[in-house]
Amino acid sequence: MDYDLNEEQELLKKAAKGFLSKECKPLFVREMEENPQGITPELWQKMAELGWMGLIFPEKYGGIGGSYLDLMVLLVEMGYSCLPGPFFSTVILGGITLMEAGNEEKKQELLGGIAEGKIFVTLALTEATAGYSPERIAVKAEKDADDFVINGTKLFVPDAHLANYIICVARTKEGENKKDGITLFLVDAKSKGIVITPLKTFAGDKLNEVVFNNVKVPKGNILGELDKGWPIVKKVLQKAAIAKCAEMVGGGQRALELAIEQVTEREQFGVKVGSFQAVQHHCANIVTYLDTSRLMTHQAAWRISEGLPCEREIAMTKAWVTDSCRSLVALAHQAVGGTGFMEEHDLQLYFRRTKAAGVYFGDADFHREALADVMGL
Amino acid sequence: MDFEFTKEEKALQEEVREFIKKESTPEMLKETEDMGDIYGAPEGRKIIQKMAAKGWLTPTWPKEYGGLGVSDVASYMIREEMGYHGLPFGFVAAHMAGPTILRFGSDEMKKKWLPRIASGELEFALGYTEPQAGSDLSALNLRAEDKGDYFLLNGTKLFNTSCHIADCHWLACRTDFDVAKHKGVSMMIVDLKSPGITISPLITMAGWQTNEVVYEDVRVPKENLVGEKNKGFYYLMAALDFERMFPLGRYRRVFDELVEYTKETIVDGKAMSKDPLIRQKLAQLSTEIEVTRLLYYQLAHILDKGGIPNYQSSMEKTFATECAQRIVNVGMDVLGLYGQLKEGSKWAQLKGKVEKFYRTSIVETIYAGTSEIQRNIIAQRGLKLPR
């Protein structure tokens, strides 16, 4: 057993921390919450130059050939700094879907562009039914000669406003087995009939309603096979779930630091607040939630990286990290007190983001139910 | 990173399981359950001495003292297997006193005691707690007077489990009353058959026995002093850093049996395991058990790297013991009215195991440092919060 990051991962972590502490300060995070784009082209280009967008793509597609575990290291730091923007949607939801399902031509065409920071891709998966099971996919794609025509509304689509391409998860066949008959379409975001409407979110995420109104997609733009899209979606969801866990762990680390800063500085009754056992026990619980979340995330990411069976670990990890990180930020608020309730204190950034992250790609109940299946219950 | 056992560790795990399967007897299993997983009773001695002959009781010790010189991960794995399969797994001599002697004892002391500990021939009883010294261990005042070639001991120990079946007392006593409390404590090994020792049973709500141990003019030879005089509190604390851990195996077994029970038990025409609420609860426990596993082997990983676990051992102990309580609490809820039926009763389920462990679990968060003391340690040592 070896619980440690390797040397390169430690270097990546340090470099990412250094870069983000300069380029992604809390003030910038707040500005981007208000900014409709959610990112500046300057920062995005700098990230591309660091090789972040191509970190996990093979070298032949213009990437760096890093592992999923390397990506996790980066995501922890992004969570720590509350990095805004479309990294998650483009690299994880878009990039990983393309890696899993794209043919050689599409990979050549798009992955390099993503790595260079020139192409944005997102995944249009959830709908008004707001869930991550195949039963919830109702947006229809119907065959029309050499094209498919998509109709329906996708909701909570991240960064669709920036996207060059939207990967739409659509139903192409109705039947008893809901996992069957789902197809992934790579849709040019400028296609006629697409209407994108931004939603106002409490964590500052740029989510959108994307209406497909008789949108024509050539059948060559199917990713993977017709009707056989769900297993791909499931794989992407699993990787995305652990990626979210990594972000939450990074955010949790910052929340702990903010709590410790406050309780070691502030005095009440003539002593440091952090000397009270009630406060110490809150802090002990915070670090327990954090350490266990980190360990679970590392293990799941390691298993994904190694190509080991990981359905069980992924379900456990997303459930555990979702609940734990939410609780830990709430406890950090309790430790920090009234100051942390102020907009200008950074803790509130994490309080909002952690809750949003918990809901993405299946909340704790969803993953416990998935785990119950794995356990044969 | 790597979160799996090595090939060798996996092979060892298989070997240990095979051995336990072959050598376990119903008498040993019952004895261990009745005693509370401690070591020293006759049936336990039989199987443990056979295990010890393979080096499995003290696998990380050097070969010259009866160990195998293998990784701490392997050692932790063996303990987890022992707990899971109902063998004694609470060893004072092999897992607390022995490592302290190994680190701080004289060569003479090592030669005299370690091989007999490693072979399972000797078990010690922990001699820390006193009526006025629980969480505040430094308040202990069992008096040991220096009489030249021996110490003369007087005082009372409380909740000293194992004393009725162990051979020796691993005793913390006060050798200096004129210095700061923690600077006047010494560690000694005392033969529990020494004249002047009176052991009185205290029966717990778990049915286990613990003891009050009264010392009246008990003579202890000087050679039984561990390390240096008045350094005992330091040894004791150092030992806790190395040894504070809780293998969940025992409760993990209860959980596994509970899971099977819900699959096999039909209520309202369908298996209990199909009930959404039960699924949520069992999945949550399964997750917590996995979390515990990672915390547990983290300690071994730190030791294998040559480090000393710091707040992590407090975290593991607290998490594991609180998880144990959640396991049996859910177990009682799942069993409902049946949960209250004891082993041997008509209609008892799972041999009354759940209610039994429900009772035992309550002390897990109290002994070996309460959850509150552990959280103090996590905060003060791990997070450097002010005292």
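**Entry 1. Helix α11(A) against helix α9(B)**

I began with the axes of α11(A) and α9(B), which cross at roughly 85 degrees and come within 8 Å. I took axes as lines fitted to C-alpha atoms, for helices over the stretch in contact, with angles from 0 to 180 degrees between N-to-C directions. α11(A) is therefore roughly perpendicular to α9(B), where angles of 65 to 115 degrees count as roughly perpendicular, under 35 as roughly parallel, over 145 as roughly antiparallel and the rest as oblique. Helices (H or I, at least four residues) and strands (E, at least two) are DSSP runs numbered from the N terminus.

I then listed the residues that meet. On α11(A) they are A:D365, A:R368, A:E369, A:L371 and A:A372, and on α9(B) they are B:R279, B:Q280, B:L282, B:A283, B:Q284, B:S286 and B:T287. By class, this contact holds four nonpolar, four polar and four charged residues. Here Ala, Val, Leu, Ile, Met, Phe, Trp, Tyr, Cys and Pro are nonpolar, Asp, Glu, Lys and Arg are charged, and the others, Gly among them, are polar.

**Entry 2. Provenance and confidence**

I noted that this is a predicted model, in which local features need pLDDT of at least 70 and side-chain atom pairs count only at pLDDT 80 or more, while totals for chains, interfaces and linings use all residues. Residues are numbered from 1 along each chain as its sequence is written, and chains are lettered from A and ligands numbered from 1 in the order in which they are written. The pLDDT, the predictor's confidence in each residue from 0 to 100, has a mean of 96 in chain B, and 100% of the residues of chain B reach 70 or more. For the complex, the predictor gives an ipTM of 0.96 and a pTM of 0.97.

**Entry 3. Helix α8(A) against helix α9(B)**

I next examined α8 (residues 277-306) of chain A and α9 (residues 276-304) of chain B, whose axes lie 10 Å apart at an angle of about 95 degrees. That makes α8(A) roughly perpendicular to α9(B). A:T292, A:L295, A:M296 and A:Q299 meet B:V291, B:L294, B:L295 and B:Q298.

**Entry 4. The interface as a whole**

I counted 37 residues of chain A in contact with 35 residues of chain B, a contact being two C-beta atoms, placed from the backbone, within 7 Å. Which element gives the largest share of the side of chain A that touches chain B? It is α8(A), with 14 residues. That side of chain A divides into 19 nonpolar, eleven polar and seven charged residues.

**Entry 5. Domains of chain A**

I read domain 1 (7-119), domain 2 (123-228) and domain 3 (234-374) for chain A; such bounds come from an automatic or database domain assignment. The C-alpha centres of domains 1 and 3 of chain A are 22 Å apart. Their contact takes 19 residues from domain 1 of chain A and 21 residues from domain 3 of chain A. On the domain 1 side, α4(A) gives the most, with nine residues.

**Entry 6. Chain B**

I recorded twelve helices and nine strands in chain B. Chain B is divided into domain 1 (7-90), domain 2 (125-231) and domain 3 (244-382). In chain B, 14 residues of domain 1 are in contact with twelve residues of domain 3.
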